[in-house]
Every structure is written in C-alpha cells, then in structure tokens.
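The sequence and structure are shown first.

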Amino acid sequence: TSTNYRKIKSNIKYAPRKARMTLDLIRGKNVTQAEAILLTTNTKASRLIQKVLESKDEEKNNYIMESLKGKIYELSLHMYGCRVMQQLITVIDQKYLSQITLELKDHFAKLIEDQNGNHVIQKLIERLDKGENNGIYDVVYSNILELSKHQYGCRVIQTLLKQCNEEQISKLLDEIIKDVKDLSQDQYGNY
C-alpha cells in the first residue's frame, strides 16, 4: 500500500540531473510507453518495478503485465528489462505466463543465444509445467549440437534437462551422445 511505496521510494536516490534526463525521455509519451522506456533505460526504475512485483500484489502485477504486452521480447533482450521479465515470470498468474510464452514463441532461438534473453528463457522453463515447454524444447532439440557449444545455449540446455519429461530427456541425450567426443573438448559443450 502507500506506506510500502514510500518505503521503496525512500531506498532509491536519484540525482536531479539524471531525473531531468529521464523525464526528457518520457515527456509526451503515454503511461505504457513511458513505463517501457524506463524499464529499458534505467537500472533504478527497473529495480523499482521489480520491488513492486516482489510485493505479490496481484492487481499491480497484472497491471504491469498488461502494460508490457507487445514489449516482452524487446525487454527480454535488455540488460535491465530481462531482470524485470524474470521477476514477472516468477510472480505472474498462469494465464499471463501463457501470454508471455506466446509473445516470445517466434523468438526462442534468438533469446536462447542472447546474453540477457537466455535468463528469461531459463526462468520460463523453470516456471512452465513439464510438457508445456514444447516450443522451447523443439528449438533446442533441432539445434542441440550448436546450442551445446554456445556460451548461453549450454545454460538453457542444462535448465531444460532439469524440467523435461523422461522422453524429452532421452531424445536430447541421444543427440548429445552422437557428438560426445567433440562436445567434451568444447569450452561450453563439456558442461
């Protein structure tokens, strides 16, 4: 409630010059656009949104989710936006989780190989029920050897292996074993 927001706000100090620069970025924008700009350009704004999400206030979290529709992919690629997305995935209702998955579906391959996006994909994998990760699984399975040798892809594979059903694990391991010698000598594949 208002006491919580004052408490959160009091922990965030902001230099007047930086405040003016930030205000110039959002001046004339509607609320939704301004929120998205703040999330992607400012670490302190990102932290504030994360604090609101941590409060587990369903109404506010749902409002944030509605505000971010159409911007999920862009935020997932951003250094600060991906942190907000991870927190959002952690606390959001199941119905919104499906919406996030749908919005990211066409971008799974890019996100898996992105330094920020891979964290969002891993959090999504952890939160989805086994069997709901089919879209991510399909992308990983079709590119298993390349992703196994990728700096970020190997991390996603590790997370996916923990969350797959037995059949999915078996298929992934069958593909990995085919190239085990090469993978064992690769700086990322050996993980």
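In which crossing, left-handed or right-handed, does H8 pass H10? The crossing of H8 past H10 is left-handed. The model discussed here is a predicted one.

## Overall make-up

The chain contains 15 helices and zero strands. Its 191 residues include 40% that count as buried. The accessible surface comes to about 11,100 Å², and carbon and sulfur atoms account for 50% of that area.

Contacts in the chain can also be sorted by sequence separation. Taking those between residues at least 6 apart in sequence, 70% link residues at least 24 apart.

## Helices H8 and H10

H8 spans residues 94-104 and H10 spans residues 117-127. Their axes come within 12 Å and cross at roughly 140 degrees. Angles over 145 degrees would count as roughly antiparallel, and H8 and H10 are therefore oblique to each other.

On the H8 side, the contact involves Gln94, Leu97, Ile100, Thr101 and Leu104. Their counterparts in H10 are Val120, Leu124 and Arg127. By class, the residues of this contact are five nonpolar, two polar and one charged.

## Gln94 in H8

Gln94, one of the H8 residues that meet H10, has a relative accessibility of 35% and so counts as partly exposed. When neighbours within four places in sequence are set aside, Gln94 is in contact with Arg127 and Glu132. Arg127 is also among the H10 residues listed for the contact with H8.

A further pairing concerns Gln94 and Leu128. These two residues are 34 apart in sequence, while their C-alpha atoms are 8.8 Å apart in space.

## Helices H10 and H13

H10 also packs with H13, which covers residues 153-163. The axes of H10 and H13 come within 9 Å and cross at roughly 5 degrees. The angle makes H10 roughly parallel to H13.

H10 contributes Asn118, His119, Ile121, Gln122, Ile125 and Glu126 to this contact. From H13 come Arg155, Val156, Thr159, Leu160 and Gln163. The contact of H10 with H13 has four nonpolar, five polar and two charged residues.

## Summary of the two contacts

H10 is oblique to H8 and roughly parallel to H13. The contact of H8 with H10 has five nonpolar residues, and the contact of H10 with H13 has four.

Key: Residues numbered from 1 in each chain as written. Predicted model: local features only at pLDDT ≥ 70, side-chain atom pairs only at ≥ 80, totals over all residues. Heavy atoms only, no water. Axes fitted to C-alpha atoms, helices over the stretch in contact; angles between N-to-C directions. Helix = DSSP H or I, 4+ residues; strand = E, 2+ residues; numbered from the N terminus. Parallel < 35°, antiparallel > 145°, perpendicular 65-115°, else oblique. Left-handed = near helix turned anticlockwise from the far one by under 90°. Contact = heavy atoms within 4.5 Å. Nonpolar A, V, L, I, M, F, W, Y, C, P; charged D, E, K, R; others polar. Buried < 20%, exposed > 50% of the residue type's maximum accessible area, 1.4 Å probe, protein only. Areas by Shrake-Rupley, 256 points an atom, 1.4 Å probe, with all protein chains shown as cover.
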